[in-house]
Amino acid sequence: MKINSIQHDMTLKQGNSRLHSHSRDFREKSNGSMYENTGYSTNYCGSFTGKSETAATAIKKGGILTKNWFNKFLEKTFNHNIATSALVALGLAGVMRPATIMALPGKKDKEDKIYASGHSLASAILGFVASTVITSPLDTAIQKVFGDPEKYGSKKLTKIKRISANLEKRADMRNSAGEIINRKSRELFKAMNRHKNSLETLAKNVPDWIIAVPRSILTIALIPPILKYVFGVEKKKAAAPQKENDNMTPKMDFLEKPVFQEFKGGVK
Amino acid sequence: MNVSFNTNSLNTYKQNSYSFNQSKSKQFTSQSFTANTSKLADAAEQVVEQAAKDKSGFFKPFSNFYDKFTDNIAKYFTSKVVDSKPLGYVADKLKNSNNLFQHCLTIGSMITSGLYMQKTLTNDKLDKDRKNTLAVNQGLTFLLSTAGAYSLDKYLKTWWEDVTAKYVGLQLQDKNFEKDFKDIKAGINHVNKELKRDAKADVNKLAEAAKKELKMSETASLLFDRNVTKAVKNSDGPLKSIPKIPLDKFMDKLVKENKISPVSKELSSRIKGMGLLRSMLVFGFVYRYFVPVVVTKPANILCEKYLAHKQSKTEENNKK
């Protein structure tokens, strides 16, 4: 029997896991060897349906939204608010900002630009590392407490879980006409869920407020040595005659200091 | 040697046999076996799984330590914080807020900005005038950028919701999901626009016209009609507008109508993650990119000019 060509089912059913791709490779190899030896071509399709074809077309149009890494990134975004925020900041302050600073016109202050770019990059890296290291265990602990409050001894969440389960049953009860019978339970159920979600969001983000000050102090303290020893960038001191001129027309020298360089209008 | 080739889906090929050439079959002269590819695939998967286990075995002591460590945090810290009265009070006050995460980002930035303002005000090398002007400059920059971040976040919300609908449609492999969601939204906008123009217009006629114009699917029409009926029923006087259906409610309605299967916990997390990602990108862009690159320098120049102007005025007064 003649079989034509290898076709993979490109639907999301198969996913992109290594496991699947490995087994597919295995099939390909087997089929390939048979083709080589027998002169037959092989045709394999996991589940070829009209839906799969439509899904494959949709995937092509989906771009980044269909990528497996993007799914994982979104899960991390939900579970690790602070670390993901710091990652976004890393992209913006570590890549985009230095690129923009360097691309801005003005040849005279090239060294200042390099220093500012290095400063931005170093602060973004430090911010990301500090946030991730400090908040990741806290986020995992939050996931554990909200997942199984009885085990970790949260009386409040245990109570919410118990009451919610009872309310959910009552909230969905409908009469023969399909109308909701117990509106009060429904409202209570919704309110309780909102309270729980709000509690979870706060629990995930409050550590950011606590670490904000020490993180800023740490960043300010570590940036000059990092810039000097890692990036080889050092802020040059102003020449003596310039200082004299500065005395005549006051300038904001202190703005060049790390503390003020760090200021970004309310950021980490 | 005969190898019977069988795949999971193409059962029609079950009976096909393939012959290997002599040179290769020499290696298996003593063997004659029937290889089922699904079994082979399973075996390959087992090998991969075993390899993954071996790898995880290497990290096992670390993961065990991390697990115990986070267990202790959960037991002795997180549960206590979650049960605490102040957090419960704040959570209760903010439970109806649609921008809770944005508020959290703002508070974090406010603390950092406050730190820099405090450092400015306690700087001994600066005179009083300069200290105050700079601190006000920093405070104003923070306030304006925060207002800008909230506005941009709100402005992008509708577009981002459409992107999220597209994402959900792709995840559910439902090509109608995105279109139905957008059609209902467009239908509601159309009716609300007409109601704004003519408050006495017949809502049902407007709804029918919108459905025809948008060529709504059966599912979209059903949900759209229900929303219109509910709005009419709930309004005391003449109907002013039809409430919009957010994505999460749209999904709930589809689940109740058995049009889609209940959303998994993972997908639910990802959808929530999409919403958070928007705010992270917007607030991050404003605070970590736009403000330092675009706002800070002009703000400092203005501050400098103001101080120079103030100083010249003082000097003039002193001369007089």
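Reader: Is Thr78(B) buried or exposed?
Author: This is a predicted model. In it, Thr78(B) has a relative accessible area of 6%. The cut-off for buried is under 20%, so Thr78(B) counts as buried.

Reader: Which helix holds Thr78(B)?
Author: Thr78(B) sits in helix α2 of chain B, which covers residues 37-83.

Reader: And what is Thr78(B) in contact with, leaving aside its neighbours within four places in sequence?
Author: With those neighbours set aside, Thr78(B) contacts Ala141(A), Ile142(A) and Val145(A) from chain A, together with Ile73(B).

Reader: Let us turn to chain A, then. How many helices and strands does chain A have?
Author: Chain A has 9 helices and 0 strands. Buried residues account for 43% of its 268 residues.

Reader: What share of the contacts in chain A between residues at least 6 apart join residues at least 24 apart?
Author: In chain A, 65% of those contacts link residues at least 24 apart in sequence.

Reader: What about the accessible surface of chain A?
Author: The accessible surface of chain A is about 14,900 Å², and carbon and sulfur atoms contribute 59% of that.

Reader: A change of topic: α5(B). How far apart are its end C-alpha atoms, and what span should one expect?
Author: Helix α5 of chain B runs over residues 128-172, which is 45 residues. At 1.5 Å a residue the helix should span 66 Å, and its end C-alpha atoms lie 62 Å apart, which agrees.

Reader: Where does α5(B) bend?
Author: The bend is at Lys157(B) and amounts to about 45°.

Reader: What is found at the start of α5(B), and what follows the helix?
Author: At the start, a side-chain oxygen of Asp127(B) comes within 3.2 Å of the backbone nitrogen of Asp129(B). After the helix comes Gln173(B), with a positive phi near 55°.

Reader: Now the largest nonpolar core. Which residues touch the most other members?
Author: That core has 39 residues, and Phe177(B), Phe224(B) and Phe250(B) touch the most other members. At least two core residues come from each of α3 of chain A and α5, α6, α7, α8, α9 and α10 of chain B. Another core, of 24 residues, lies apart from it and includes Tyr152(A) and Leu100(B).

Reader: Which residues is Phe224(B) in contact with, beyond its neighbours within four places in sequence?
Author: Among them are Ile184(B), Ile188(B), Val191(B), Ala207(B) and Met216(B). Lys211(B) is also one of the contacts of Phe224(B).

Key
Residues are numbered from 1 along each chain as its sequence is written. Chains are lettered from A and ligands numbered from 1 in the order in which they are written. This is a predicted model: local features need pLDDT of at least 70, side-chain atom pairs count only at pLDDT 80 or more; totals for chains, interfaces and linings use all residues. Side-chain values use heavy atoms; hydrogens and water are left out. Helices (H or I, at least four residues) and strands (E, at least two) are DSSP runs, numbered from the N terminus. The expected span of a helix is 1.5 Å times one less than its number of residues. The bend at a residue is the angle between axes fitted to the seven residues ending there and the seven starting there. A polar contact is a pair of N or O atoms within 3.5 Å; within protein, one must be able to donate a hydrogen and the other to accept it, and residues adjacent in sequence count only if both atoms are side-chain atoms. A nonpolar core is a set of buried Ala, Val, Leu, Ile, Met, Phe, Trp, Tyr and Cys residues joined through side-chain atoms within 4.5 Å. Buried means under 20% relative accessible area, exposed over 50%, partly exposed in between (1.4 Å probe, protein chains only). Contact means heavy atoms within 4.5 Å. Accessible areas come from the Shrake-Rupley method with a 1.4 Å probe; for residues, only the protein chains shown count as cover.
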